Amino acid sequence: MSDSNAVRLVRRLGPFLGLALVLVLFTALEPDRFPTAVNFRTVLTQTVIVGLGAVGMTFVVVSGGIDLSVGSSIALSTIVIARLLRDGASPAAAALAGVVAGGVVGVVNGTLITRLRIAPFIVTLGTLQIVRGTAKYLAGEQKIDAPASWLAGLMAKSPDPSWLIVAPGVWALILLAGFLAFVLRRSILGVHTYAIGSNESTAVLCGIKVDRTKVLIYGLSGLMTGLAGLMQFSRLTVGDPTAATGLELNIIAAVVIGGASLSGGVGGIAGSLVGALVMAFLANGCTLVGVPNYAQEILVGAIIVAVVAIDRSKRGT
Amino acid sequence: MEGVEKSFGATRALSGVSLDVAPGDVHALIGENGAGKSTLMKILAGVLTPDAGRMSLFGSPYRPTGPLDARRRGVAMIHQELTLAPHLDVEANLTLGTETTTFGFVRRAGRRAAIRDVLTRLRLADLPFDTPVGTLSTAVRQLLEIARALLSGARVVIMDEPTSSLGRRDVERLFDIVRELAASGCGIIYISHFMDELREVATRFTVLRDGASVGTGTLDAVDDDALIRLMAGGAPTTGTRAPSVRGTPLLVLDGLEGHPRPTEASLVLHRGEILGITGLVGAGRTELLRAVFGLDPVVSGSVTLAGIGFSADEGPDARWDRGMGFVSEDRKHEGLMLDLPLSVNLTLSRLEPVSRAGFVDGKKLDAASREWIDRLGIRAAGSNVAVGSLSGGNQQKVAIARLLHHDVDVLLLDEPTRGIDVRSKAAVWDLLRSLANAGRGILVVGSHLPEMLAHCDRIAVMNRGRLGEARDASTVTAHELLTEAVSVAESRHE
C-alpha cells in the first residue's frame, strides 16, 4: 500500500500518455495532413460537445452515479433554442433557455434518484426515453429551422474575429473545464462529491446532506449538457429531435478513458477532457489514414476495455 | 478436537482448544464475545485450517479442505446469518448445489420423497415446495437450513446462536427438534449465551476464554455462577480508577425505542464522564448509538442534548451541528473513506474552518490535519496519504480525530479499540480520558469487560434491547456485569 501515491500518479498521467501516443502515431503515419493547425482546429471543435458533456458527467461519475439521458437532453436543448428563435426570441435568450432546459432535466434526474431511491442507471434510462419523446413532441417529429443568428458562429472552424484562433465553443470548453476542475478538486461541493462516491455511508455519518448534494451534482451536470446542446445547435443550425442519439455512451467512454471509476470516488476533469480528445483524435486520424469506420468503432471499444483492465491491474485488485 | 490453535498475523485467536462430542450429545459451547467461538466453528466447518492440533471424526482423522468437503463428510453449520436464496423456492434451496440433472436440466422428481421426509421430521410437512423462501418467517427459514444439513447427511450439526431471532414458541419447537436430532444419533454443538436455554437443551458443556478451553463437564453438575466465573476468569475484578468529578447532564435518553432495537433505553451522560455500555453481540448496542445519532429512526422516547431535544426529521447533520459526533465500529464500510486522503477523512464533517468562500484552502487543510497527526501521534507519511494505507490503530485515531476537529461535546464511540494493537488501545483510552477531563461527555460501547472496567466511570448493560441501570465501575464486578448480560429478560416469558 506504500506505493499508493505512485499508483495515483500513474493513474493521473495514464490518459495523457495515451493521448501523446495517439498524436505521435498519427503524426508518423500522416506527417503532412495530421499535425496541421487546420486539422487540430477541426478536431478541437469536434471535441467540444463530448467535452462539455464529459466535464458534467465527471461530477456524476465521481459521486458514484451515471447519467444516460444526456444524449436526449442535448437534442431537447437544440429544439428549445430553435423554437424560441423561430418565435422571435433574441439569440441570447434562446441560448440561455437551451442551457437551462438541460439543467432542468438534471435536477429532475437528481430528484427522482434521491426521492424514489432508485438506482441512477434505471432513472436515467427512463428519462433518456422521456426526454427524447418530449423533444420529438416539441418539434412535431421533425427538424425545426431557425433564422440565422450569431449562435452559428460559436462552432465555426475559422472563428470571427480571427484572433480567437479556435472557435468560441472551444474557449468555452477550456474556461469552463478549468473552473469546474477547480470546483471538483477544491470546493466543499467537490470534496463532498468525492466523499459520496467513495463511501456514501461515511458521507451520511459525517452529516453531509447527501440527497441535496446529489440534486446539485445532477443539476450542474445538466447545465453542462444544455451547453453541449447549444453547441450542437450551433453546428447544425437547426433543432433536431434525433440529434446526439447514443452520444451519452461516447461521453461516458471519455470519462472512463480519463481514469474515472464507475464505482465512484475516483476521477478528474482533466482526465475526462483528455479522454474526449483521445477519442476525437483517434477518429480523425483513422479517417485520414483511411481506416474504415467499422474498424474505428472496434478500436475505440477495445481501448475502453483495455484502459479499465490496465487500471484494475495497477490497483492490484 | 485436541489442542487446536489458530493465529491471524500476530493475533492468537485460539491457543489450545479441546472439545469432544459424542453421537446423541448436545454440547454447549460457552464464552464471552471474542473468546474464539466463531474461529473454532469455522475450523470445524472447513472455512479455516488450524495451525496446530488434531481433529478426528468417527475415529478417523478429520482435515477438511473446504466447507464443501466438511459438508460431504457430515459436518454442517447452521449460520447466524441465514444463507438461503430468498427468490428461489423451498425445493430449489434445499437441493442447491446438489441437484440431480438430466442433460443439464434439473430433474426435480427424484428427491421429493427425501425432502418430504426431512421436512416432516422438522414439523414442516405442510410446507408447499414451491413457496419462495423470501416469503417465509425467520423461524421457518432457519428450519430449512437444518433441513438442508440433514438432506446432505450431516452427522455433526453446529448451531450458532440459533434462537437469537426467534420468538418463544419457535424456540420451543427448535428445542424439540434439536433433542430429536440428538436422539437419532447426531452430535450437536450448540452455541449460546443464555444459560437457561443451554440447560434446557444441552447435556455437556465447554467454556472458552481468550482462545483456550478452560472448563468442560456436565451441565447438571455446575451452577450458573460457576459457569460465569469460568467465562469471566479469575477473581472478580472491579474498576481501579477513582471516581472522577461529574459535571452537568449533557446527553439525556428517555425511554428511547428504535426498530427493532433498542426496546427501552434511558440514561444520563454528564460532562467529564466516560459512560460504558456493554452486553452481548446482538443485544442492540450499536443500534442504540445509531438511533441516538439519527442514523436509524426513533420509534418513541427522546434524545436531549444540553437540554434541547431532537425532532424526528433531524438527522446526523443536526447532531454534528449541535456538537455530537459518532465513530462507527465498522471503519471499513462506514467509518472512513479508505481511498480518500487522511486530511479529507479528518475534516469532512466540518470543512468550513479550512475553507474560504466555499473553496477548501489546501494550506489550512494540511495545517489542520497536521495538528491532529501530531497531537494524537498518528503514524502517517503526510496528510495526503490514503487513509486505507494506515494501520488499524492509526485509522481509528483518524476516525476519532474527526470528532476532535469538529470540536464536539458528546462523543459516541462504538467499539473504539476493536482490532487495534495493545499500545494503540492504551493511547485511545488515554485520549478519551483527557477529553473527559476537558469537560466532554463520552458514551462508549465495548465488549471486553476488563478493559471497560478499567477505563469507564460508569457501566450499563444492554440485554436483548433493554438498557440496564448504569453502575459505578469502581464497585461493580465483571462477574455481575456478565450475569446481567446473559440473564433472561422478563419480556422473554410473556
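## A tour of the predicted model

Begin by selecting Glu161(B), which lies in the loop between β10 (156-160) and α6 (168-183) of chain B. Helices here are DSSP runs of H or I with at least four residues, strands are runs of E with at least two, and both are numbered from the N terminus. The model is predicted, and for that reason local features need pLDDT of at least 70 and side-chain atom pairs count only at pLDDT 80 or more, while totals for chains, interfaces and linings use all residues. Residues are numbered from 1 along each chain as its sequence is written, and chains are lettered from A and ligands numbered from 1 in the order in which they are written.

Glu161(B) is not a glycine, yet its phi is positive, at about 45°. With 19 other C-beta atoms within 10 Å, Glu161(B) is partly exposed. The classes rest on C-beta atoms placed from the backbone: a residue is buried if 20 or more others lie within 10 Å of its own, exposed if 12 or fewer, and partly exposed in between.

Next, select Phe58(B), in the loop between β5 (56-57) and β6 (60-61) of chain B. Its phi is also positive, near 50°, and Phe58(B) is exposed, having 11 other C-beta atoms within 10 Å. Most residues other than glycine have a negative phi, and most peptide bonds are trans.

Move to the loop between β14 (249-258) and β15 (265-270) of chain B, where Pro260(B) is found. A cis peptide bond links His259(B) to Pro260(B), with omega about -5°. Pro262(B) also belongs to the loop between β14 and β15, and a cis peptide bond with omega about -5° joins Arg261(B) to Pro262(B).

**The two domains of chain B**

Colour residues 2-232 of chain B as domain 1 and residues 249-493 as domain 2; these bounds come from an automatic or database domain assignment. Taken over C-alpha atoms, their centres are 35 Å apart. The contact uses 12 residues of domain 1 and 13 residues of domain 2, where residues touch if their C-beta atoms, placed from the backbone, lie within 7 Å. On the domain 1 side, α7 (195-201) and α8 (224-232) each give two or more residues, and α8(B) gives the most, with 4 residues.

**Where the chains meet**

Show both chains: 26 residues of chain B and 19 residues of chain A form the contact. On the chain B side, α10(B) provides the largest share, 4 residues.

Now select Ala195(A). Among the residues that Ala195(A) touches are Thr202(A), Met337(B) and Leu340(B). Ala195(A) is also one of the residues that touch the most other members of the largest nonpolar core, which has 227 residues. Such a core is a set of buried Ala, Val, Leu, Ile, Met, Phe, Trp, Tyr and Cys residues joined through C-beta atoms within 7 Å. This core takes at least three residues from each of domain 1 and domain 2 of chain B.

**A helix pair in chain A**

Finish with α3 (residues 70-86) and α10 (residues 247-257) of chain A, whose axes come within 6 Å and cross at roughly 120°. Axes are lines fitted to C-alpha atoms, for helices over the stretch in contact, and angles run from 0 to 180 degrees between N-to-C directions. Val70(A), Gly71(A) and Ile74(A) of α3(A) meet Leu247(A), Glu248(A) and Ile251(A) of α10(A).

Note on methods: Two residues are in contact if their C-beta atoms, placed from the backbone, lie within 7 Å. Lists of a residue's contacts leave out its neighbours within four places in sequence.
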